Amino acid sequence: MAATLKPDSDGAERLASSTIRGRRAYCLPRFYKNNAVYIRPLKLEDAHISYRWRNNPKIWRHTLSKPDRHITVETETESLARILTREDEKRFAICLSDNDAYIGNIFYTDIRDGEAQLHIFFGEQRLGGKGRAYSAVCQILDYGFNTLKLETVYALVKEENLAARALGKRAGFKRILEYSSGQAGANVVRFVFTKLMYEQKEHLGMGNSEIRGRGAPLPA
C-alpha cells in the first residue's frame, strides 16, 4: 500500500490516502511497521457478515457484554441501522489491505466532553494476530485525537483477557484502575491513553523521540 508524505494545514506531515482495489483506504505511517489492515466507516451491508460473529460464543467469552439471543441478518441489520445514527459513537470495520476482507470492528462509544471508550474485536479470529489489532488501534487513535479532538481514550478490559491487556500495553495505554463488576462477573481493568501520550507517541513506543508523519484521518 504505497503512500507519499505531504503537509497538512497545521504543518504536520500526513500520509496521503491510497486506493486499494478501487476502494478508498487510509494508509498506515511507515513506522507502524504493519500495513496489513486498514479501517473504514462501518456500513449497513456489513451486517451480512457480522451477524455470524454475534452467534459465535468464543468471540464474547472475554468481553463485558454479549448477545443474549440468536442474531439473524435481519436483526443485525436493524440494530446496525440504529447504531450508525448515534452521535456519541463512531464505528469502523477492520479490513485486510490485500483483499478488502472485513474481519473485525473497532469503535468509540460514549463520546462526550473530550473522552471516548475504545472497543475492538475480531470476528475472524484466525486473522487477529500478526500485529493487525495493534495497527487498527494506532489508526483509530489517529482519528480520535486528530479528527474528534479527543483528550482521553479509555478501554475497560476483563482482568482475565490476557490478549486485550497485552494489546493495551503494546499500544502504550496506562493501567490506572481495577474494580469488580457484578454485571460482568469479573474484575475489570481500566486502561487510559491521553492526548499528551499521543503527542509523545507512546502508542508507537517512541516516547518523546521525533518521528515524522501520522496516518491520514478518516472523515468525521
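Is K149 buried or exposed? K149 is exposed, with a relative accessible area of 58%, where exposed means over 50%, buried under 20% and partly exposed in between (1.4 Å probe, protein chains only).

The model is predicted, so local features need pLDDT of at least 70 and side-chain atom pairs pLDDT 80 or more, whereas totals for chains, interfaces and linings use all residues. Residues are numbered from 1 along each chain as its sequence is written, and side-chain values use heavy atoms, without hydrogens and water.

Most residues other than glycine have a negative phi.

| Residue | Phi | Location |
|---|---|---|
| K149 | about 60° | loop between helix 4 (132-146) and strand 9 (152-158) |
| K201 | about 60° | segment after helix 6 (195-199) |

Helices (H or I, at least four residues) and strands (E, at least two) are DSSP runs, numbered from the N terminus. K201 counts as buried, at 9% relative accessibility.

D46, in the loop between strand 5 (37-41) and helix 1, is also buried, at 4% relative accessibility. Its side chain forms a polar contact of 2.8 Å with that of R40 (a pair of N or O atoms within 3.5 Å; within protein, one must be able to donate a hydrogen and the other to accept it, and residues adjacent in sequence count only if both atoms are side-chain atoms). The D46 side chain also reaches the backbone nitrogen of K43 at 2.9 Å. Beyond neighbours within four places in sequence, D46 contacts R40, A93 and Y102, contact meaning heavy atoms within 4.5 Å.
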